[in-house]
Amino acid sequence: MSQELSSQRADIKIKMLEQKLQDQLSREILLSQRVRLVVVAGIMGICGVFLTLEFARAIWIRAEEFPPLVILPIILVMVVYQLVLRHYINGRLHQEIAVSSWVWYVHTGIEISVVTLAMVLMTDNFQNPMSVLVAPPALAYTILIVLSTLHLNFRMSLFAGGLAA
């Protein structure tokens with residue numbers, strides 16, 4: 001009888017430790033996501049600044065070809081989106097509530113789709129539509145796939161890579 005009772009207590013302690021470990025892992029994942037969002041927002045912000053400066057330079061030297069400003073609003077919307085999502089994560093961290101996994105799949109889908117949209121909109125700026133595949137937005141796929149590892153979820157990285165392909 002006492003052996004059963006001690007076995008039940010041990011099982012309860014193990015379950016409590018597993019739950020505590022799961023809570024800590026969820027918190028670490030949210031902290032990782034917060035860093036990831038800042039990195040992506042920073043990279044996009046820097047790209048927006050360089051695009052704007054390049055456009056100003058083209059005006060200054062009266063160039064015949066201008067950089068594709070059509071993607072500047074997309075960049076700005078994505079920077080704001082990343083920062084709003086970061087604010088959402090901060091709220092979840094403060095309340096100690098986990099974020100559902102479907103939110104990250106939707107978020108990854110939006111990020112990859114926006115890069116694809118930017119590339120489609122840039123095709124008018126190139127004489128050969130295949131040239132857009134070596135344009136700077138194509139490099140964003142690589143960055144986003146690498147940063148998807150910060151989700152600490154193999155399926156999420158596989159999803160990001162598959163969507164980008």
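Predicted model: local features only at pLDDT ≥ 70, side-chain atom pairs only at ≥ 80, totals over all residues.
Is Gly 161 buried, exposed or partly exposed?

Residues are numbered from 1 along each chain as its sequence is written, and side-chain values use heavy atoms, leaving out hydrogens and water.

**Stop 1: the largest core**

Select Met 44, Ile 71, Ile 75, Met 119 and Tyr 141. These touch the most other members of the largest nonpolar core, which has 22 residues. A nonpolar core here is a set of buried Ala, Val, Leu, Ile, Met, Phe, Trp, Tyr and Cys residues joined through side-chain atoms within 4.5 Å. Buried means under 20% relative accessible area, exposed over 50%, and partly exposed in between, using a 1.4 Å probe and protein chains only.

Now colour α1 (2-60), α2 (72-95), α3 (101-122) and α4 (136-147), the elements that each give two or more residues to this core. Helices (H or I, at least four residues) and strands (E, at least two) are DSSP runs, numbered from the N terminus. The largest share of the core, 6 residues, comes from α3. Apart from this core lies another, of 9 residues, including Leu 30, Leu 37, Leu 85 and Val 99.

**Stop 2: Ile 71 and Met 122**

Centre on Ile 71. Leaving aside residues up to four places away in sequence, Ile 71 touches Leu 51, Ala 118, Met 122 and Pro 137, where contact means heavy atoms within 4.5 Å. Step across to Met 122, which lies in helix α3 and is buried, with a relative accessible area of 4%.

**Stop 3: α3 against α4**

How do α3 and α4 run relative to each other, roughly parallel or roughly antiparallel? Their axes come within 9 Å and cross at roughly 170°. Axes are lines fitted to C-alpha atoms, for helices over the stretch in contact, and angles run from 0 to 180 degrees between N-to-C directions. The two helices are therefore roughly antiparallel; angles under 35 degrees count as roughly parallel, over 145 as roughly antiparallel, 65 to 115 as roughly perpendicular and the rest as oblique.

To see the contact, select Glu 111, Ile 112, Val 115, Thr 116, Met 119 and Met 122 in α3, which meet Pro 137, Ala 138, Ala 140, Tyr 141 and Leu 144 in α4.

**Stop 4: α3 against α5**

Next, show helix α5 (residues 154-164), which packs with α3 at an angle of about 25°, the axes 10 Å apart. α3 and α5 are therefore roughly parallel to each other. On the α3 side, select Ser 101, Trp 104, Tyr 105, Thr 108, Gly 109 and Ile 112; on the α5 side, Arg 155, Met 156, Phe 159, Ala 160, Leu 163 and Ala 164.

**Stop 5: Gly 161**

Stay in helix α5 and pick Gly 161. Here is the reply to the opening question: Gly 161 is partly exposed, with a relative accessible area of 24%.

**Stop 6: Glu 96**

Finish in the loop between α2 and α3, where Glu 96 lies. Glu 96 is exposed, with a relative accessible area of 72%. Its phi is near 55°, a positive value in a residue other than glycine.
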